[in-house]
Every structure is written in C-alpha cells, then in structure tokens.
Amino acid sequence: MNISRAGDGGTPPSEGSGYDKRRARTQRIVLDATRELLAENGFDKLTVEGVAARSGVAKTTIYRRYRSKNDLALAVLLDMVDEVSTQPYVADTGAELITLVDRTVELMTTTLMGLVMKGLVSEVAADPELARVYREQVVSNRVADVSALVERGVSRGELRPDLDPEMVTDLLLGPIYYRFFLSGAPMDSGFGKRLVSTLLPSFTTPGGSSPE
C-alpha cells in the first residue's frame, strides 16, 4: 500500500515535472470524489467502481495506487487530518483538557472524519498494513496534540513532570472511542468536564489546575 497525503505521491514531486503534476491532480480528483461519496452514502456503500465513475479516472489507475475502498477511505482521512486540530491554546491546563475532549467528541460525532473512522475501525483491526498507516499518520497526530498540552502543563507547574503523554492520551480519548465505537452511551455538552474532573487529580501536582 502506498498511502500518503494528497498531492505528495508518496515522495515530494520534482519541481516542474509535468508527470508529477498530472499525478497530483489525478490523486486530488480521486480523493475529492471519494470524499463526496462518503459524505453522500457512507462507508458501506463506497466502491472503487463508484469512485471511478464519479471522478472520471479509470478504475485501473485507481487500483495502481489503492488496493481497495479501505485504502481510499484512509487516504481521505489522512487528507483531513491536517485540516483539524484538537489542540487548544488557553492559559489553564484543566480548561485545555476539557477543550481537547470536547473538540474530539465534536469531530467524532458531527464530521465526515468520524464517519470514516467508524467505517474503518474493523478493517484497521484486521489489516496490519492499514493499521500501521493509521497509527503513524492519524493516531500520532492525536498523541502529538496531547503531548504539547502536557508539556505546557508541566512548564506551568500544573501537571506532574513524570506524566507519560501517551498514557494521558489513552485515558482522555479512550472513553470517547469506547462510547463512539462500542457502548453508544451519549456524550453531551458536559461530558468533557466530567471526564477531566475524574482524571485530572491523577495528572496534577498538589495545588495544580482543576476544571472550573
């Protein structure tokens, strides 16, 4: 599988190369068509044949780059990763944590990104290569957001300096994914505050930040 963000073709295109420019344009057309079909019909009804018909790009051309609809959907997901960030920038660590949780819930429940993630979850579990790309290019972005937040909290003296950012990511985002993918329990407007109130005492130094 050779999945990368739209326009890069797996390696940076040679400046002025007509072939690379055509390849980037074709990839952009294919991903835009895939995105439209996902938004219109959902993951289950996505097909390579449908993408070929919508985009006007030959099915054989699409298959040279994407093994299946799973690869196409993941490529769209990667294309969206840089468009969104769950990382907040406010003065209080507790408020930052709540904002991060709330933004993640919003992304998962109200955007195309959440729809694609829900469609791909079983495929990622069954396909090691798909899982590798997903971890390296999707999960790593969320860990990076939390790591930056933890670093700021430590520098303010509000979070323990021995905190493991990856463990904090698991504890903060794990409940969201559990509810979204498995239990179906609601995540209302107060969910982020309740979750952070539960977890923050184990993250903070004595007298550190707490949700308002």
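A: A charge counts as sitting over a ring if NZ of Lys or CZ of Arg is within 6 Å of the ring centre and within 35 degrees of the ring normal. The model discussed here is predicted.

Q: Which residue lies over the face of Phe43?

A: Lys69 does so, at 4.4 Å from the centre of the Phe43 ring. In a second case, Lys118 lies over the face of Phe180, 4.3 Å from the ring centre.

Q: By what is a pair of aromatic rings described?

A: Such a pair is described by the distance of the centres and the angle of the planes. In this model, the count comes to two aromatic pairs. Tyr177 and Phe181 form a tilted pair, 6.1 Å centre to centre with 35° between the planes.

Q: Where do Tyr177 and Phe181 lie?

A: Both residues belong to helix H8 (residues 165-183), where they are four residues apart, about one turn of the helix. Tyr177 is partly exposed, its relative accessible area being 25%. Phe181 is also partly exposed, at 27% relative accessibility.

Q: Why is the pair of Phe180 and Phe181 edge-to-face?

A: The planes of the two rings stand at 70°, with the centres 5.0 Å apart, so the pair is edge-to-face; the cut-off for this class is an angle over 60 degrees.

Q: Is Phe180 buried or exposed?

A: Phe180 counts as buried, because its relative accessibility is 13% and the limit for burial is under 20%.

Q: Which residues form one aromatic cluster?

A: The cluster consists of Tyr177, Phe180 and Phe181. Phe180, a member of this cluster, is the ring whose face lies under Lys118.

Conventions:
Residues are numbered from 1 along each chain as its sequence is written. This is a predicted model: local features need pLDDT of at least 70, side-chain atom pairs count only at pLDDT 80 or more; totals for chains, interfaces and linings use all residues. Side-chain values use heavy atoms; hydrogens and water are left out. Rings of Phe, Tyr and Trp (its six-membered ring) pair if their centres lie within 6.5 Å; planes under 30 degrees apart count as stacked, over 60 as edge-to-face and the rest as tilted. Helices (H or I, at least four residues) and strands (E, at least two) are DSSP runs, numbered from the N terminus. Buried means under 20% relative accessible area, exposed over 50%, partly exposed in between (1.4 Å probe, protein chains only).
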